[in-house]
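I want to go through the folds chain by chain and jot down what I look up.

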Amino acid sequence: MDQELLLRVKELRTHFYTDAGVIKAAEGVNLEIRIGETLGVVGESGSGKSVAAMSIMRLIPMPPGKIVSGEVMFDGKDLLKASEDDLMRIRGNDIAMIFQDPMTSLNPVLTVGEQIMEAIMLHLKAGRTEAKKKAVEMLKRVGIPEAEVRIDNYPHQFSGGMRQRVMIAMALSCNPKLLIADEPTTALDVTIQAQILDLMNDLKRESGTAIMLITHDLGIVAELCQRVLVMYAGNTVEYTDVVSLFTKPMHPYTWGLLRSLPKLDVWAKQRLEPIQGHPPDLRNLPQGCNFAQRCNHKKPICEQQKPTWLEIEPGHFVSCFLYEEEGKRHD
Amino acid sequence: MSTNSDADKTLELYETSSLFLEIWDRLKRNKRAILGLFLVIFLILVALFANVIAPYDPVQIALKDSLKEPNLAHLMGTDVLGRDIFSRIIYGARASLIVGVVATSISLVIGVIIGAFSGYYGGWLDSLMMRITDIFSAFPFFLLAIAIMTFLGPSLLNIFFALGIVGWTNYARLIRGQVILVKESKYIEAARSIGAKDRRIILRHILPNALAPVIVYTALNIGGVILAEAGLSFLGLGVRPPAPSWGSMLAEGKDFIFNASWLVVWPGVAIFLTVLGYNLLGEGLRNALDPRLNLRRIK
Amino acid sequence: MIETKKTTETLLKVENLKKYFPIKKGIAVQRYVGDLKAVDGVSFEIRRGETLGLVGESGCGKSTIGRVILRLLEPSKGKVIFEGKVLNELSHEEMRQMRSQMQMIFQDSYASLNPRMRVGDIIAEPILIQGVSSRAEREKRVCKILDVVGLSPYHGARYPHEFSGGQRQRIGIARALALNPKLIICDEPVSALDLSIQAQLINLLEDLQKEYHLTYLFIAHDLSVVKHISDRVAVMYLGKIAELANSEELYKNPQHPYTIALLSAIPVPDPTVKKDRIILKGDVPSPVNPPSGCRFHTRCPKVQSICKEQDPNFRDIGNDHFVACHLV
């Protein structure tokens, strides 16, 4: 099993130092991604899912940010200890990234072709003509019609969905081992989202790229991912395979999330069961479990101590005192 | 969620505070703004009480005291005609302040009226007014002021007019842009949807949100106008001698810069501190006037 | 699911509503080059006490409809009739007074709250405009409304930026409620919120509806939210309504190919379900030059030749189910 492991993040902590206090944006992130697997990272805004991804890439702006502690083992290397040169090789080559808003991540004054070719020439050490051939091929692969013509268009000449296709083409042009996709379809309409999800599924099957898919949509997780990581207020609270997450979720926050979901296949008019209250202020986290304030199952200990990250069942990790006695320590 | 003591504090604030107090509350946390405010208040006090503070008559010629180095009798020395520089600097503050405030007010009034009409009504009125603004701003600011002053001749009244007339274009542009921006915001739509009348929308929703940059710009601009006045006076186009002005003091002292450097150093320091004061205050106001800015800095 | 107070009495009726935005080009002299047909002939009614959901993708004109109903935008053609009064024929002053009966909740709660006003003043403003001049009376009502939407009186002293997204949306709801309106147009009220907060607000909206006998026009792009909250749902595509039916009927028995595709495109939060997804080809065409005939024909998987030539009628196929498709 371990030789399949592509990425392992352990106890990652990233803080931001601002005038208004220290924001503990990631405060104990643990996750594993195996080769060719898709990991869904779910959580609400401010749960630290994007910060975790940026920390893995070491793209956190410093200052005000700082990776305080942790370990990010990617393909046998600790990225947190790697030199800036090594990182440059890894970014784009081994790990690529796509974002929610493709317009802001594309340079508006360069044609999409030039931008894809730049990545190819840089990372695959290809010549111009070769790079252009490859770029056209990539655009075709992501389903852009008339790729030979469109390659000379500027980003604003593409629709939102097409732009996201361009981003995917760019990200996949160097055959990365890991693709980090941060809310790639959130800005898109449902029918366009369906196109992109379909495309990502196809590409994953063909290329065997592992994907870390950050999303707030549990539907997307269910359809695309093999494993799921649930985050809350900077912590990873649950990590398991996708079927277990939906059939036997363990963390009270996960229960709450699943219950607040409006369901399409339920006909009787029923009330949603939201999680009461609000996430804690990341500058002023509680002494105990970050979720304790909103948790219906809290015990006295939950407000005094932080729960540990435990493997309750093989491959099912939870950070919650409800399982502390029976769980075994994960080291 | 907030704690109870926090709640009590805010409730108290709600009952006792005015908008002014809140702005002050935010301003006083900014050290540089407080330094600016201190400099500006100091300048105002000096200008107001010039006759009390100044040990000598600023225009009294005493040729036997010509070009005295700073000493106990003349803290900043004397100029070529034996006038006390310290006293002249103090009276110069009065001229600078009056020019700064009056000329800026003229610019402000013209600019706000033109800018607000342009922005609010738009259409051909906007096009016409903005073209006029363009024509005015096509001339270099200082050159236009020089031209006007040359034409009208040096006097305090003419300086007001010259600096006021050349300065309004920036206000007009600023206000117009702000009004257009604010007019399109969702909370204006929300105000319309609850049935608010135009007058209420303009006074309660558009203006408070449009004026902040203007207040900031005004503070910065007073510094700029004072500098311009010094420039005009330096060229002999400003305050009519022998009335003291920092600019004309610089001009008179420039020939002695190597043998009697105090002639230029003190007016230079005075101009520098004044402009610095207004700039720091302006910048501080910018932060204090926007309740969102503190939040934005965190993100 | 049918509650007693829901009637078939019409509260608001929209007849053949059109809203075109002229497109002008040129720098010095503006030249008219065409229309953006945001809303192009839409008719529907909202019944007293119900929630009518209005779904569609971005640019389909759903938000424009809400604004035209409130006359925040003037319609290019057509009528909006509220309790028997034709709103477009009212004078500005009459319309201004009418606004107390119909309110709006905006998507972007941050942008729709004046950043320089305290929350208490924001909620008090409509009450003041309505003519309650006593400050004490206004404050009493503000406190009451704050409580109703789940906030505390001390929140009234704060500025909008001091609140989280969910709380801000509660403030927006409070402002809308302040005038005891009959109709509230909810323009994507929960789209920007996180799941757990979204559920809180949906419940709040449902509670308020029961307590104050409100009628909602619920505009959203999220079909599961719309299905949850609506009694009837209208699906819009490029400025027209494609299908309108009772919520359960629409989701169980969709007729229009667009509705079918839209429903199939929603990712289901259940990994054991593998469904056949209908992936629509291409993008939504521009509303400046909408396709001839049926507007959906360029992407429709079942397109026929008649679809390219004739615009289908929006007709009743029984069971209060309306569809605009030649094939039904």
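Predicted model: local features only at pLDDT ≥ 70, side-chain atom pairs only at ≥ 80, totals over all residues.

**Chain C, overview**

I started with the secondary structure: chain C has 10 helices and 12 strands.

Next I checked the overall dimensions. The C-alpha trace of chain C spans about 70 × 60 × 40 Å along its principal axes. For contacts in chain C with a separation of 6 or more, 65% are between residues 24 or more positions apart.

**The sheet in chain C**

I traced the strand order next. An open sheet of 8 strands runs β6-β7-β8-β3-β9-β10-β12-β11 in chain C, with mixed pairing. Which strands stand at the edges? They are β6 (102-105) and β11 (315-316) of chain C; each has a single partner strand, so one side of each is left without a neighbour in the sheet.

Then I went along the pairs. Strand β7 (residues 183-187) of chain C runs parallel to strand β8 (residues 215-220) of chain C, joined by 5 bridges. In that pairing I found Ile185(C) opposite Leu217(C) of β8(C). Helix α5(C) packs on this sheet, where it touches β6 and β7 of chain C, and its direction makes about 175° with that of β6(C).

**Strand β3(C)**

Is β3 (residues 51-55) of chain C buried or exposed? I get 5 of its 5 residues as buried, so the strand is largely enclosed by the rest of the structure.

A reminder for the side chains: in a regular strand they alternate between the two faces of the sheet. Here Thr51(C), Gly53(C) and Val55(C) point one way from β3(C), while Leu52(C) and Leu54(C) point the other way; all are buried.

I checked both flanks of β3(C) as well. With β8(C), the pairing is parallel over 5 bridges. With strand β9 (residues 232-237) of chain C, 4 bridges do the joining, and these strands also run parallel. Leu54(C) turns up in both pairings: its bridge partner in β8(C) is Ile219(C), and its partner in β9(C) is Ala234(C).

**Helices α3(C) and α5(C)**

I looked at α3 (residues 119-130) of chain C against α5 (residues 165-177) of chain C: they pack at an angle of about 25°, and their axes are 7 Å apart. Angles under 35 degrees count as roughly parallel, so that is how α3(C) lies relative to α5(C). The crossing of these two helices is right-handed.

Which residues meet there? From α3(C) I listed Val119(C), Ile122(C), Ile123(C) and Pro126(C); from α5(C), Ile171(C), Ala174(C) and Arg175(C).

**Chain A sheet**

Last stop was chain A. I found an open sheet of 4 strands there, ordered β2-β1-β4-β5, with antiparallel pairing. Its edges are β2 (21-34) and β5 (77-78) of chain A; with a single partner strand each, they have one side left without a neighbour in the sheet.

I followed one pair in more detail. Strand β1 (residues 5-18) of chain A and β2(A) pair in the antiparallel sense over 11 bridges. Arg13(A) stands opposite Glu27(A) in β2(A).

Terms used:
Residues numbered from 1 in each chain as written. Chains lettered and ligands numbered in written order. Pairing = 2+ DSSP bridges. Contact = placed C-beta atoms within 7 Å. Axes fitted to C-alpha atoms, helices over the stretch in contact; angles between N-to-C directions. Parallel < 35°, antiparallel > 145°, perpendicular 65-115°, else oblique. Left-handed = near helix turned anticlockwise from the far one by under 90°. Buried ≥ 20, exposed ≤ 12 C-beta atoms within 10 Å, placed from the backbone.
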